[in-house]
Amino acid sequence: MLEALIEPLQYGFMQRSLVVAILVGLLCAVVGSYLMVQRLALLGDAISHSVLPGLAIAFLVGANIFVGAFIAGVISTLLIAWIRTRSPIKEDAAMGIVFSAFFALGITLITTIQKQNKIDLNHFLFGNILGVTFDDVRDTAIIATIVLIIVFLLYKELLFYTFDPLGAQAAGLPVNQLNFGLMLLIALTIVASMKAVGVILVLSLLITPGATAYLLVTRLHQVMILGAAIGIVSSISGMYLSYFFNLPSGPAIVLVVSGLFALAFLFSPNYGVFMRWRQVKTKQLSNE
């Protein structure tokens, strides 16, 4: 068993991949906890799909794809807010409009680039963590550090805004700035996760670890800590499965974290389906 765990670490690409996997698992769980509590999973999906044109354009002009993706994510966020505030259209509809338009544009650009250059850019969609370079590790570490520091410094404000937006506004907190700042953190998290799982699967890492933790603990900081542990374990386990069974790395990570959620959903002490069924049966027997 020990030899099996050590074997992949002999290779530089696996060392880099595991570092990125740990960073992404931690980062997605922490930021995704706010999304889950606010019931804004669609927002994460919208931003993750909206970064695709930025990726393609940055690749086309030879710029840093992280920068291109972040700019596209910010533009999509601004467009969603603009449509919501300047029209009677609700936020969820605005998200659907923007993310579908940006995603369609991104797919069109990627298809055009692939035809002209005879290259495969599908790793933008599904991730290619085994192909990360040292520069990718550096960029991911920088983004993760920035996001985690901001979350730490604004934890109380974001906590208040997350659970009681009206109360936060009445208390004088800049709720609009907090909302936009949270969207920027989501965009940065998605950009950092692109190499690991791609823009299509990143929503799973954003939502599922926090959702799993939410079934097991109650407080937000506990959800973040346990969710981060689940995200890291899932990322590392997915990497090892990818290595030993020749599976695509991004889907392998997502399958592991989804499996852990299924276990929590079924066996959680407070919310588990089987545990509730057992409690009902026990109550019925005691009544008899």
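1. Leu153 is exposed, at a relative accessible area of 59% (exposed means over 50%, buried under 20%, and partly exposed in between, with a 1.4 Å probe and protein chains only). Leu153 belongs to helix H8, residues 134-153; helices are DSSP runs of H or I with at least four residues, numbered from the N terminus.

2. The model is predicted: local features need pLDDT of at least 70, side-chain atom pairs count only at pLDDT 80 or more, and totals for chains, interfaces and linings use all residues. Residues are numbered from 1 along each chain as its sequence is written, and side-chain values use heavy atoms, without hydrogens and water.

3. Helix H4 spans residues 52-61, and its buried residues include Leu52, Pro53, Gly54, Leu55, Ala56 and Ala58. After H4 comes Gly62, which has a positive phi near 80°.

4. The axes of H4 and helix H5 (residues 65-86) come within 7 Å and cross at roughly 145°; axes are lines fitted to C-alpha atoms, for helices over the stretch in contact, with angles from 0 to 180 degrees between N-to-C directions. On the H4 side, Gly54, Leu55, Ala58 and Phe59 meet Ile65, Gly68, Ala69 and Ala72 of H5, where contact means heavy atoms within 4.5 Å.

5. Leu184 is located in helix H11, residues 175-214, and is partly exposed, with a relative accessible area of 23%. Apart from neighbours within four places in sequence, Leu184 is in contact with Phe70 and Val74. Leu173 lies 11 residues from Leu184 in sequence and 18 Å away in space, C-alpha to C-alpha.

Methods: Helix = DSSP H or I, 4+ residues; strand = E, 2+ residues; numbered from the N terminus.
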